[in-house]
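Visitor: I have a model open on my screen, and I would like to know what the words used for it rest on. Could you walk me through it?
Guide: Gladly; let us look together.

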2 protein chains.
Amino acid sequence: MFKDNEQQPNGFTLPLAQALDHLRWNADGLVPAIARQHDTGEVLMMAWMNREALEDTLRTGRVCYYSRSRGGLWRKGESSGQTQTLIELRIDCDGDTVLLNVDQTGPACHTGRRDCFYWRADGAQLVLDKAPLIDPADLYPDKR
Amino acid sequence: MFKDNEQQPNGFTLPLAQALDHLRWNADGLVPAIARQHDTGEVLMMAWMNREALEDTLRTGRVCYYSRSRGGLWRKGESSGQTQTLIELRIDCDGDTVLLNVDQTGPACHTGRRDCFYWRADGAQLVLDKAPLIDPADLYPDKR
């Protein structure tokens with residue numbers, strides 16, 4: 001469906017439910033979802049969505065992923081309070097990746113950093129170059 | 001290794017080769033790689049890298065992916081001329097995603113559009129809302 005319609009003009013529409021049937025869900029029923037801060041263009045994190053998480057996100061306007069480690073829906077911020085409000089959900093040309101333009105409250109990363117990409121390749125090393133905004137112990141007080 | 005060092009201070013380093021040993025390559029030996037235009041913050045595309053592609057990217061400064069459809073290295077732009085110059089390569093907190101800050105020449109998408117995320121969810125529909133910069137027939141003249 002995505003391939004067949006890639007040359008359509010601006011404004012062309014597909015029924016969402018039918019398009020979701022044609023997403024290229026992987027063997028586990030998941031697609032990667034990239035969260036980007038809508039106004040600054042920071043890439044905050046990458047996580048996974050199953051169909052239920054994607055539909056929950058569109059319905060509620062709050063981003064919901066699928067946690068591969070916990071094996072269930074992960075409503076971003078439900079433990080930490082650091083929610084992602086959905087501004088815009090986009091799908092790519094071959095229907096196998098989701099881009100979420102979001103408004104992130106505070107840190108997106110479980111380490112308390114604004115985003116998850118804090119390791120930078122520099123010659124023969126990886127350099128950690130971002131500091132936490134919040135102590136992770138304060139993000140997840142139940143885990144103390 | 002990534003988990004063990006998530007509370008290190010800014011400036012902490014890991015040996016790159018050892019860190020790559022600890023990336024969470026999937027069952028096919030791949031990690032997702034997000035390409036972002038370094039100055040505008042546009043998310044251009046998401047593709048996959050094996051270790052060879054990642055090392056090739058760092059060595060050459062030109063982004064190289066692994067093509068799952070062709071089953072080999074995919075030096076971005078080798079057919080289309082639309083290369084991605086690497087500005088910065090980053091790895092996320094749990095070592096399973098790569099973020100590439102790049103300088104993209106022209107369109108990143110095989111459809112001739114600047115980026116691949118041209119389907120936007122709007123109520124019960126997906127709306128195509130980006131037009132090609134270049135006719136795809138001119139991007140891949142060998143395919144005519």
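This is a predicted model: local features need pLDDT of at least 70, side-chain atom pairs count only at pLDDT 80 or more; totals for chains, interfaces and linings use all residues.

Visitor: What makes the meeting of D21(B) and R51(B) a polar contact?
Guide: The cut-off for such a pair of N or O atoms is 3.5 Å. The side chains of D21(B) and R51(B) come to 2.5 Å, so the pair counts as a polar contact.

Visitor: And how far is D21(B) from G71(B), in sequence and in space?
Guide: They are 50 residues apart along the chain, and their C-alpha atoms are 22 Å apart.

Visitor: Why is the pair R24(A) and D96(A) called a salt bridge?
Guide: The rule asks for a side-chain nitrogen of Lys or Arg within 4 Å of a carboxyl oxygen of Asp or Glu. For R24(A) and D96(A) the N to O distance is 3.8 Å, so the pair meets the rule.

Visitor: Which residue of chain B forms a salt bridge with D96(A)?
Guide: That is R68(B), with the closest N and O atoms 3.1 Å apart. This distance is also within 4 Å, so the name applies here too. Across the interface of chain B and chain A there are four salt bridges by this rule, and a search over all chains gives 30. As background, side chains of opposite charge can pair when their charged atoms come close.

Visitor: How many residue pairs are in polar contact across that interface?
Guide: The rule finds 34 of them. Sorted by class, the side of chain B that touches chain A has 29 nonpolar, twelve polar and 14 charged residues.

Visitor: How do you know that the copies meet through the same surface?
Guide: Of the interface residues of chain B, 100% are also interface residues in chain A, so the surface is the same on both copies. In numbers, 55 residues of chain B are in contact with 55 residues of chain A.

Visitor: How much area is buried between chain B and chain A?
Guide: About 4,500 Å², with 59% of it from carbon and sulfur atoms. On the chain B side, F117(B), W119(B) and L126(B) lose the most area to chain A, together 16% of what that side buries.

Visitor: Which residues does UniProt list for "binding site", and why do they not all gather at one spot?
Guide: The unreviewed entry lists C93(A), C109(A) and C116(A). They span 24 residues in sequence and the farthest two C-alpha atoms are 27.9 Å apart, so they do not all gather at one spot. C93(A) is in the loop between strand 6 (84-91) and strand 7 (98-104) of chain A.

Definitions and conventions
Residues are numbered from 1 along each chain as its sequence is written. Chains are lettered from A and ligands numbered from 1 in the order in which they are written. Side-chain values use heavy atoms; hydrogens and water are left out. Contact means heavy atoms within 4.5 Å. Buried area is the accessible area (1.4 Å probe) that two parts lose on being put together, summed over both. A polar contact is a pair of N or O atoms within 3.5 Å; within protein, one must be able to donate a hydrogen and the other to accept it, and residues adjacent in sequence count only if both atoms are side-chain atoms. Ala, Val, Leu, Ile, Met, Phe, Trp, Tyr, Cys and Pro count as nonpolar, Asp, Glu, Lys and Arg as charged, and the others, Gly among them, as polar. UniProt positions are given in the numbering used here, feature names are shortened, and annotations may be inferred rather than shown by experiment. Helices (H or I, at least four residues) and strands (E, at least two) are DSSP runs, numbered from the N terminus.
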